[in-house]
Every structure is written in structure tokens, then in C-alpha cells.
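Have a look at the structure first.

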Amino acid sequence: MLPFQSFRHAGTPAGKGRIMNPRLTPLAAALSIAFVAPAQAQTADLDPVIVSATRFSEPDTNVAANVSVITRDDIRNTPARDLPSMLKGSAGVDVRALYGSLGIDSTIDIRGFGETAGSNTLILLDGQRLNPIDMGSVSWSAIPLDSVQRIEIMRGAGTVLYGDKATGGVVNIITDKSGAPRAGATVGIGSYDTQTVDLNGAFGNDIGYANAFARYAHTGGWRENSQAEQAALSGRGGLYIGKGEAFVDYAVYNDHSGLPGYLLSAAYQNNPKTSTSPNDSQRSDGYRLRPGVALPITDTLRFEAEVSYDRQNQHANYASFGSQADRTRDNWSVTPRLRWQHGLGGLKSETVAGIDYYSGEVDATYTTSATQGAKQDSTGFYFQNVTEWVAGLATTLGARSQRVDQTATQDAYPGFFGMQPAMSGSAEYTRSAWDLGLSYAGDGWRAYGKGGTTFRFANTDELFGYDPFTGNPTFAGNLKPQTGTLGEIGGSVTLGPVKGRAALYRMDLEDEIAYDGSLFSNVNLDKTRRQGLELEGDWRIVPSLLARATYTYTDSTFREGMYDGKQVPLVPHNKASARLTWDGAAIGKYTAVVNYVGERYYSGDFANALDKLPGYTTVDFMAGWNFKPWSISARLLNAFDKKYSPYAGYSTFQSDYYYYPADGRTFLMTASYNFR
């Protein structure tokens with residue numbers, strides 16, 4: 001067993017969660033774009049407020065980037081009821097959960113990274129990274145959905161602005177920061193003993209403001225031993241300083257769930273609700289505190305900075321293996337930055353520059369294995385300049401240099417081959433990245449092109465391995481950072497009631513970091529390539545009827561070595577979604593969403609020698625009625641009870657495929673009351 005086994009689930013697929021840790025043809029999907037636009041994504045807005053493209057709020061940005069915004073109205077009117085599921089209908093984004101409807105263990109994959117998606121897609125909360133330094137899951141429970149104002153999805157490498165782990169793209173969750181007086185409550189009941197309670201409140205005046213969001217959710221689970229419960233409290237308080245402010249963000253959370261494990265082929269086909277580990281479970285709790293300032297120094301110079309600390313404690317009981325595990329994780333960050341609107345002669349020009357310092361530590365103990373620990377310090381310097389040369393024509397130029405220092409230790413312990421020796425090691429690397437973009441906007445249209453480089457350092461779990469001959473633990477000090485180049489063109493257009501967005505990209509990677517089951521270690525792969533097409537569209541058929549859809553074509557392949565020409569596992573070639581919303585005013589609002597994910601190779605099948613994991617199509621419905629101050633909603637997820645598995649692999653020990661079944665048909669009804 002490799003170090004830092006996942007606390008999220010037993011029977012962890014290789015490389016998936018070390019904690020130190022239907023068919024729809026491409027033609028049919030493409031034709032659907034002519035009529036509809038992206039589920040849950042507000043596309044082709046002329047003047048959206050974007051943070052992710054500059055790290056400052058921008059009502060109108062000329063940055064060459066493919067950014068979609070999921071608005072608060074989208075969040076309220078979509079059937080999805082956990083934060084990761086809100087992203088399912090977005091072009092270029094795949095969402096995989098191992099079990100449960102609360103999204104506790106979901107992984108977000110942008111632009112086709114498959115097994116290593118968690119280390120190549122950066123998740124931010126108000127610009128602060130949530131990805132841990134190991135392979136542990138993002139703590140989705142710490143973010144009550146009612147607190148989310150919008151979600152920004154920036155596809156393509158975000159390395160220059162955000163650094164390590166942004167190779168595929170960035171998801172930035174923007175929370176509500178207003179102090180508009182309000183108070184509300186929502187209660188819900190649903191299938192499998194599901195119960196939810198959400199509370200929110202805020203107040204403010206000329207001096208400052210405060211808001212708070214609380215959530216409790218419980219479900220008995222669709223599968224045996226898939227019960228889950230989560231509770232969270234988060235909010236923000238601020239004091240105005242002239243035209244700026246000083247603030248504190250906070251969050252406290254707790255979740256626990258069963259770990260039903262994977263199912264082999266016969267069990268999956270006969271009864272996917274069963275569990276192979278009926279007594280396994282996990283629980284975690286944590287908190288986050290983030291004070292910061294946002295101050296205009298002059299009319300053209302603005303300073304923003306945050307100091308963030310978060311801590312997580314986690315316990316797993318693997319009764320099926322007679323093992324228990326405990327882990328603690330501490331992370332510090334300091335992220336000051338400046339925006340200088342300096343101009344360039346008579347041209348409009350601004351530069352953003354900043355420093356990112358991150359420090360993390362993880363410690364894990366096991367009843368049947370060695371105690372382990374890891375530390376990581378990272379310092380990055382970056383800048384980005386946007387200059388408008390003539391009306392509508394702008395260039396983007398940016399660069400980053402980042403250094404990482406890592407250490408890892410493991411105590412001696414008795415193993416299968418006798419006493420396993422202690423292990424320790426350290427590594428340090430420095431890498432740089434740059435990007436260059438050109439955008440041109442006219443009346444109702446915009447086009448852009450960009451190119452650049454990217455990098456990723458090994459996470460702390462990937463520093464651990466075993467010698468395949470002696471079985472002794474080893475430190476992967478020779479694991480090189482992953483690097484790559486990116487080229488992309490795209491644009492958007494508005495033609496009356498129809499809006500559309502498209503992007504075409506290619507990304508070539510060297511030394512991609514991934515797990516090799518034959519070596520029981522993480523390795524640098526031969527050269528790989530990601531290329532694809534992302535389409536979004538939006539058609540306001542009549543004022544009360546909105547159609548939306550997305551189509552994604554992704555080609556993730558090896559371009560050298562023994563797997564040359566083979567597909568990266570777990571990445572579908574084709575993915576599509578469609579959404580239709582009718583606003584009946586007094587008689588309610590009704591939404592139908594269809595999501596399609598194409599077939600893909602099973603986890604670990606780099607040789608593409610096995611069968612393909614079948615594609616699937618799901619249909620969700622939602623209805624909402626507003627009787628102010630009351631509002632009522634009803635959701636039906638997976639309405640046709642489709643049996644499918646977002647994640648599956650092949651076990652050489654069992655000589656069989658294993659599956660993590662998704663939930664079947666699920667119903668949820670909520671009632672909300674606004675007190676003011």
C-alpha cells in the first residue's frame with residue numbers, strides 16, 4: 001500500500017486519493033449548439049464582472065481568456081444542489097464524484113487530465129486556493145451554496161496569475177460580500193431521508209457590514225453505507241476605510257460520511273446499491289480565517305492583500321481493512337498585489353503585480369502503517385500588463401517565477417518484507433511561465449488569441465513511493481516538475497437573441513506527473529498533448545423561454561514513448577449539455593437539463609487495451625414558485641434512473657473492472673422564507 005491512503009474512500013484507485021494526501025454522436029451534439037447555450041453558464045456577456053482574469057474586479061476586461069460566469073440567478077434556477085454539480089454543464093469541464101449527492105468527494109477536471117485532474121485544476125475561493133498541498137479533496141463542505149454570488153471558470157493555463165496546479169484552468173468561487181440588510185431560511189426534504197436547512201443574514205451601514213451563511217444537510221444515501229452529513233458556517237465582516245475596506249472572511253465546517261467502496265462487475269450489474277465496505281467511514285472538520293485589506297492608494301493605484309490560515313482534521317475508519325487513519329493539515333498564505341493604471345503615452349494600460357507565499361504541513365498516522373509527514377513552502381512573483389492600442393484592440397503580457405521547497409518523512413514500520421526502514425528526503429525547484437495574448441472587440445463580437453507556458457510541481461503525496469525490488473519506501477526526489485506550452489484562439493458573438501462562444505486550443509506537456517501502478521510510484525510520463533474545441537450558445541427564443549447548451553471535444557493523447565497515440569484514461573472525447581428554461585411568471589419557472597458524457601478508457605489503462613467505460617446521459621428537472629416572501633422549489637435529479645459510473649478502473653489483482661456507481665433517481669423539495 002502506498003503512503004497517504006485516501007481518507008475519503010476505501011479501495012482507493014491507484015493514484016486517485018493519496019491523502020497526505022445514451023450515446024450522443026459528435027454530429028448531434030454539434031448541431032444542438034445552433035439552437036441552445038451552456039447549462040448553468042452565462043455566456044457571451046458584453047460586460048461581465050470578472051476577477052479571475054486579473055485578480056481584481058473588472059467590469060470590462062480585455063484579457064485574452066476563455067471565461068464563463070455562473071451567476072447567482074443560474075445557481076438559484078438549476079436542479080443541481082451541490083457546488084461541484086453546478087459546473088457539470090460548462091464547456092470543457094468534467095465532474096466526477098465517487099459517491100453521494102452532497103458532493104463531498106467531487107473532483108473537477110478542466111481540459112482532460114483524467115486521474116490527475118485534482119492536481120491540474122485550481123479551485124479558488126475569492127481568489128485564495130483551496131487545493132491542498134497533497135492529493136486530498138477540496139473541502140467543498142466549507143462553502144455553503146447560499147453564500148456563493150457567482151462562479152468564474154477560466155479555461156486554459158492560469159499559471160502566470162495563480163501558479164502551480166492551474167495547468168487545465170481555474171475555478172474561482174466568488175462569495176457574497178454585501179451587507180444589504182436581509183435574513184432568510186430554507187428547509188428541504190427529499191429521497192433517502194434527505195434533510196437540509198440553510199440560513200442567511202446580513203446587515204450594514206456607513207461604517208461597515210457583516211453577513212453569515214449556515215448550512216446543514218443530511219442524507220441516508222442511495223447506496224448502502226453512503227449516508228452523509230455536513231454542517232458549515234461562513235461569512236464576512238468589513239469596515240470601510242475611505243473608498244477601501246478592511247475585512248475578515250471565516251468558515252467553520254464538519255462533515256462525515258460512509259465509504260461504501262467500489263463494486264466489481266457482477267455486483268455493479270446486479271445491484272449497484274450494495275456496498276463492499278459497509279462499516280467504513282470518514283469524518284473531517286476544519287476552519288478558515290482570512291483577514292485582508294482592499295485600499296485605493298491613488299486614483300490609479302490600488303493595493304489588495306490577504307493573510308489566510310486554514311486547518312483540517314480528518315479521521316478514517318477502514319473497518320474492511322482493520323485499519324484507521326488520522327490526518328491534520330495546516331496551510332498559511334500571504335498574497336499582496338497591486339494594480340497600477342499607469343497608461344502608456346495616450347494609451348489605456350494597466351499592470352497587475354504581486355507575491356504569493358504559501359506554506360503547508362500535513363501529518364498522518366495509521367494503525368497498520370508508518371507515520372508520515374510533509375511540508376511545502378512556495379513563493380511566487382508575477383506581473384500582467386494589459387494595454388489597449390486602439391479602441392477594442394488590446395494585448396496581454398504576463399510572467400511568473402515560482403520556487404517550491406518540499407520535505408517528506410516516514411517512520412520505520414513492520415511490513416510484508418520485514419522491517420521497512422525510515423525514509424526522508426527534500427527537494428527544491430524553481431520554474432517560470434509566461435503568456436502573451438491579443439484580443440479585439442467590436443460591436444457585439446470579440447476575438448482573441450493567446451500563447452504561453454505552464455508548470456506544475458509534484459504534490460507532497462507524489463514524493464512517496466516504493467522500490468519495486470526491495471519493497472522499501474523511497475523519496476521521489478528525481479520527479480521533475482511538469483511543464484508545457486499552450487496555444488488558443490477563441491471568441492464570442494451576439495446576434496440579436498443568440499449569443500455564442502467558442503475556443504480552440506492545444507496544450508503540449510512534458511514530464512507530466514502521474515501514478516504508474518506497475519512501479520508502485522509516481523513518475524514523469526512521456527510527452528502528452530491536450531487539444532480540443534469548446535462551444536457554448538444561448539438563444540432567447542421568446543422573452544419567457546431561454547435555451548442553452550454546450551459541446552466539448554477533447555483529445556488527450558500521448559505523443560511519444562511506449563503509449564504514443566494512446567488516449568489518456570478517464571477523458572471522454574465528447575461531452576455535451578442542453579438546458580431549457582421557461583418562466584411562466586405567476587405559474588412558476590421550469591427548467592430541464594440534459595447532460596451527456598461520452599465513453600472513455602478505464603482508470604490506469606494507458607495502453608488502451610481494455611474495454612471502454614460506457615458513456616451516459618442524465619436528465620434533471622426543476623420547478624420553482626415565488627409567493628413572496630415564500631418561495632418553493634422541487635428538483636428531480638437523474639429523472640430516468642440511469643445507471644452509470646463517473647469513475648471506474650481495472651484491478652489486476654481481481655482481474656475485473658471496478659465501479660463507483662452514481663446515485664439513481666433523487667427528489668428534493670425546498671421552501672424558503674425571506675424575513676426582510
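What is the order of the five strands in the open sheet? The order is β1-β6-β7-β4-β5, and the pairing is mixed. Strands here are DSSP runs of E of at least two residues, helices are runs of H or I of at least four, and both are numbered from the N terminus. Two strands count as paired if DSSP finds at least two bridges between them.

Before going on, note that this is a predicted model, in which local features need pLDDT of at least 70, side-chain atom pairs count only at pLDDT 80 or more, and totals for chains, interfaces and linings use all residues. Residues are numbered from 1 along each chain as its sequence is written, and side-chain values use heavy atoms, leaving out hydrogens and water.

A nonpolar core is a set of buried (under 20% relative accessible area, 1.4 Å probe, protein chains only) Ala, Val, Leu, Ile, Met, Phe, Trp, Tyr and Cys residues joined through side-chain atoms within 4.5 Å. This core has 22 residues, and Leu 83 and Ile 151 are among those with the most contacts inside it. Leaving aside residues up to four places away in sequence, Leu 83 touches (heavy atoms within 4.5 Å) Trp 140, Ile 143, Leu 145, Val 148, Ile 151 and Ile 173.

On a 1 Å grid over the protein atoms alone, a cavity is a set of points where a 1.4 Å probe fits but cannot get out, while a pocket is an open set with protein on both sides within 12 Å along at least five of seven lines; lining residues have an atom within 4 Å of a point. Grid points are joined across faces, edges and corners, and the volume is the space filled by probe spheres set on the points.

| Space | Volume |
|---|---|
| Second largest pocket | about 1000 Å³ |
| Largest cavity | about 750 Å³ |
| Second largest cavity | about 590 Å³ |

Among the residues closest to the centre of the second largest pocket are Arg 72 and Ser 631. For the largest cavity, Asp 82 and Tyr 644 are among the residues nearest the centre.

Key. Buried means under 20% relative accessible area, exposed over 50%, partly exposed in between (1.4 Å probe, protein chains only).
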